[in-house]
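Welcome! Please take a look at the sequence and the structure below, and then we can walk through a few places together.

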Amino acid sequence: MKNFVQRAIQKIDQLDSKQIVDILKSQANDVEMLENVLESIHDGVILTDGNLVVNYANSNCQKMIPMVRKRSYEGFPLSRIIEDEHVLRYIVLAVHDRADELDNEFTFQRGDKVQTVSVSVFIYKSTEVKNLSSYVLMFSDVTEHNANEARMRRSENLASMTTMAAGVAHEIKNPLAAMGIHLQLLKKAFVRKESLTYDDAQRYLDVLEEEISRLNSIVVDFLFAVRPMDTRLRLSPICRTLDEICNFVEPELHEHNVSLTRDIATSLPKLEFDENLLKQALLNLIKNAMNAMEGGGRLTLQSRLDGNQVLIKVIDTGIGMDDETLQKIFEPYFTTKASGTGLGLTVVYKIMKEHKGDITVTSKRGEGTCFTLSFPVPKSERLVLDGPEKEVEFEA
Ligand code: ADP
Ligand code: MG
């Protein structure tokens, strides 16, 4: 199509008026066909010139975003036809390449339904005419897609809960069996002697007490791991929380011959976090680190800014892990300790998910381990770091 027109343009002075009319007719046909294609897709499409004046808009646009009702939008600047100021602002920022960090999904109330629409802006630069650019705006209804994702997440959660429940069932079998055996022994001793002194019964009662406390910790840890967390995210600096954690654990570390190095950057951006949950996550990591350094060692708590993330590292000089152990440590109930529940890291992982963050680990057997928690820097804080936001002029 395009080649044919380009060849015709090159020879235009040799063509007679009928041939030119034929070419225009065929062009009109092509345009009509393309318009039909754009009309038939589910998305809303608007084509504009470089000043955001509309060249074409398909009729589905009106179903996607709030627009003034018109038969044709051709020739109108976007600012006069798009009624939602957030969408308009997003588009203006996007054409100036300043929308990277912004959310491109918008929700609208449509009757009794809430519709979520994603807005994409593509720039089209003409190869024929220098400095001539135009924009393609696409509006897609992602309500169903998002609902499916939420459904997937829920079923993922359910699946992991089933694994956890199976784990609990497995875990409580041993203490229950031990309790059963010791009750039987106690009963036999009772029958044999008819009456028992506390001394006679003590060793059975001790085992029962121990196993009950083990059952209790399995159930408490399980509930903590599966219960939806009551997460209260607040935008605040993390330095103070990290210092408090250090102060809290230092005496116990000292008792275990572990020295503590605080390597906490002071000029970090604020983070959105739940203070109690962050403390819980760090305590779990520090407890593990301490367990890994039985004969003493060094524990380092470090915080750093890394691009759009803040990294908090818990580094130990303990026994480390081999690759096989490393693969399994986040699985619920995986433990290498006689009295471990194997839920500590499961909980840390869950806490990091609540913060839209991540946890990674590197370790070397015999040398030590480094757990890294990464938190996204909130958008508002990124702007502060980048300098004040410039006003973008709307040209149309
Ligand atoms: P638990 O501490 O009850 O065993 P966790 O989920 O906290 O459960 O940890 C799971 C396993 O990961 C531990 O049993 C241990 O084998 C390994 N692990 C965790 N942290 C460390 C560490 N800092 N150094 C060495 N091994 C670790
Ligand atoms: Mg642990």
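## Where the ligand sits

Ligand 1 sits in the second largest pocket. A pocket here is an open set of points on a 1 Å grid over the protein atoms alone, with protein on both sides within 12 Å along at least five of seven lines. A molecule sits in one if more than half of its atoms lie within 2 Å of its grid points. Helix H9 (275-292), H11 and strand E12 (368-376) are the elements that give two or more residues to the shell around ligand 1, and H9 provides the largest share, three residues. Helices (H or I, at least four residues) and strands (E, at least two) are DSSP runs, numbered from the N terminus.

Before going on, please keep in mind that this is a predicted model, in which local features need pLDDT of at least 70, side-chain atom pairs count only at pLDDT 80 or more, and totals for chains, interfaces and linings use all residues. Residues are numbered from 1 along each chain as its sequence is written, chains are lettered from A and ligands numbered from 1 in the order in which they are written, and side-chain values use heavy atoms, with hydrogens and water left out.

## Who surrounds the ligand

How many residues surround ligand 1? There are 19, and the closest are Asn288, Asp316, Thr335, Thr336 and Lys337; a residue counts as near if one of its heavy atoms lies within 4 Å. Sorted by class, the shell has eight nonpolar, nine polar and two charged residues. In this sorting, Ala, Val, Leu, Ile, Met, Phe, Trp, Tyr, Cys and Pro are nonpolar, Asp, Glu, Lys and Arg are charged, and the others, Gly among them, are polar.

Asn288 places a polar side-chain atom 2.8 Å from an oxygen atom of ligand 1, while a polar side-chain atom of Asp316 is 2.8 Å from a nitrogen atom of ligand 1. Thr341 takes part through its backbone, with an N or O atom 2.9 Å from an oxygen atom of ligand 1. Taken alone, ligand 1 exposes 530 Å², and the protein buries 94% of that (Shrake-Rupley method, 1.4 Å probe).

## Helix H11 and what follows

In helix H11 (residues 344-354), the buried residues include Leu345, Val347, Val348 and Ile351. Buried means under 20% relative accessible area, exposed over 50%, and partly exposed in between (1.4 Å probe, protein chains only).

After H11 comes Lys356, in the loop between H11 and strand E11 (358-364). Is Lys356 buried or exposed? Lys356 is exposed because its relative accessible area is 71%. Its phi is positive, near 55 degrees. Most residues other than glycine have a negative phi. Asn257 also has a positive phi, near 60 degrees. Asn257 lies in the loop between helix H8 (239-255) and strand E7 (258-264), and at 59% relative accessible area it is exposed.

Asn60 is in the loop between strand E2 (54-57) and H3. With a relative accessible area of 11%, Asn60 is buried, and its side chain reaches the backbone oxygen of His42 at 3.3 Å.

Lys70 lies in the loop between helix H3 (61-64) and helix H4 (78-81), and is partly exposed at 32% relative accessibility. Leu185, in helix H6 (residues 143-193), is partly exposed at 34%. Leu185 and Tyr204 are 19 residues apart in sequence, with their C-alpha atoms 7.6 Å apart in space.

How values were computed: Polar contact = N/O pair within 3.5 Å; in protein donor to acceptor, adjacent residues only side chain to side chain. 1 Å grid on protein atoms, 1.4 Å probe; cavity = no way out; pocket = protein on both sides within 12 Å on 5 of 7 lines; lining within 4 Å.
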